[in-house]
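Subject: Structure for you to look at

Hello,

Here is the structure I promised to hand over. Please open it first, then read my notes beside it.

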Amino acid sequence: MSGNGAVWGRVRGRLRAFPERLAACGAEAAAYGRCVQASTAPGGRLTKDLCAQEFEALRSCFAAAAKKTLRGGR
């Protein structure tokens, strides 16, 4: 069972690093938020794929952050 503790230690370390990695996606998150906000403002209409480009940029950033976290990269 001692080996199991080492695994959980690595997992905890990765989980602790994840918020820092996601913080690097602030520009993408802001752009997506501005797009959604603008399309839901009075007179705006939020439709499917209206903010797809911004969402894809945010998704790609999150995916890259997750890969770095899984690899234990800094």
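One definition before we start: a residue is buried under 20% relative accessible area, exposed over 50%, and partly exposed in between. Glutamate 56, for example, has a relative accessible area of 35%, so glutamate 56 is partly exposed. You will need these cut-offs again below.

**Confidence**

Please keep in mind that this is a predicted model. The mean pLDDT of the chain is 83. A value of 70 or more is reached by 86% of the residues. Where is confidence lowest, and where is it highest? The lowest mean is 75, in α1, and the highest is 93, in α2. Where pLDDT is low, the predicted coordinates should not be read in detail.

**Overall layout**

The chain has three helices and zero strands. Read from the N terminus, the order is α-α-α. The chain has 74 residues, and 14% of them count as buried. Residues 24 or more positions apart account for 61% of them.

**The disulfides**

How many disulfides does the structure hold? There are two. Count the bonded cysteines along the chain, and the pattern reads 1-4, 2-3.

Start with cysteine 25 and cysteine 61. A disulfide joins them, with an S to S distance of 2.0 Å. Cysteine 25 sits in the loop between α1 (2-23) and α2 (26-40), while cysteine 61 sits in helix α3 (residues 52-71), so this pair ties together parts that are 36 residues apart in sequence. The angle about the S-S bond is -95°, and the link is left-handed. Both cysteine 25 and cysteine 61 are buried.

Next come cysteine 35 and cysteine 51. They too are joined by a disulfide, S to S 2.0 Å. Cysteine 35 is in helix α2, and cysteine 51 is in the loop between α2 and α3. The two are 16 residues apart, and their pair links distant parts of the chain. Why is this disulfide called left-handed? The torsion about the S-S bond of cysteine 35 and cysteine 51 is about -90°, so the disulfide is left-handed. Are these two cysteines buried or exposed? Cysteine 35 has a relative accessible area of 16%, so cysteine 35 is buried. Cysteine 51 is at 7%, so cysteine 51 is buried too.

**Around cysteine 51**

Look at arginine 34 next. Arginine 34 lies in helix α2. Its relative accessibility is 53%, so arginine 34 counts as exposed. Arginine 34 and cysteine 51 are 17 residues apart along the chain, and their C-alpha atoms are separated by 9.5 Å.

Serine 39 is also in helix α2. Its relative accessibility is 6%, so serine 39 counts as buried. Which residues does serine 39 touch, not counting those up to four places away in sequence? They are Gly44, Arg45, Leu46, Leu50 and Cys51. Serine 39 also has a polar side-chain atom 3.0 Å from the backbone oxygen of valine 36.

Aspartate 49 is in the loop between α2 and α3. Its phi is near 70°, a positive value in a residue other than glycine. The relative accessible area of aspartate 49 is 58%, so aspartate 49 is exposed.

**The salt bridge**

Side chains of opposite charge can pair when their charged atoms come close. The structure holds one salt bridge. It forms between glutamate 56 and arginine 59, with the closest N and O atoms 2.8 Å apart. How are the two placed in the helix? They are three residues apart in helix α3, so about one helical turn separates glutamate 56 and arginine 59.

Best wishes

Notes. Residues numbered from 1 in each chain as written. Predicted model: local features only at pLDDT ≥ 70, side-chain atom pairs only at ≥ 80, totals over all residues. Heavy atoms only, no water. Disulfide = S-S within 2.5 Å. Helix = DSSP H or I, 4+ residues; strand = E, 2+ residues; numbered from the N terminus. Buried < 20%, exposed > 50% of the residue type's maximum accessible area, 1.4 Å probe, protein only. pLDDT = per-residue confidence, 0-100. Contact = heavy atoms within 4.5 Å. Salt bridge = Lys/Arg side-chain N within 4 Å of Asp/Glu carboxyl O. Polar contact = N/O pair within 3.5 Å; in protein donor to acceptor, adjacent residues only side chain to side chain.
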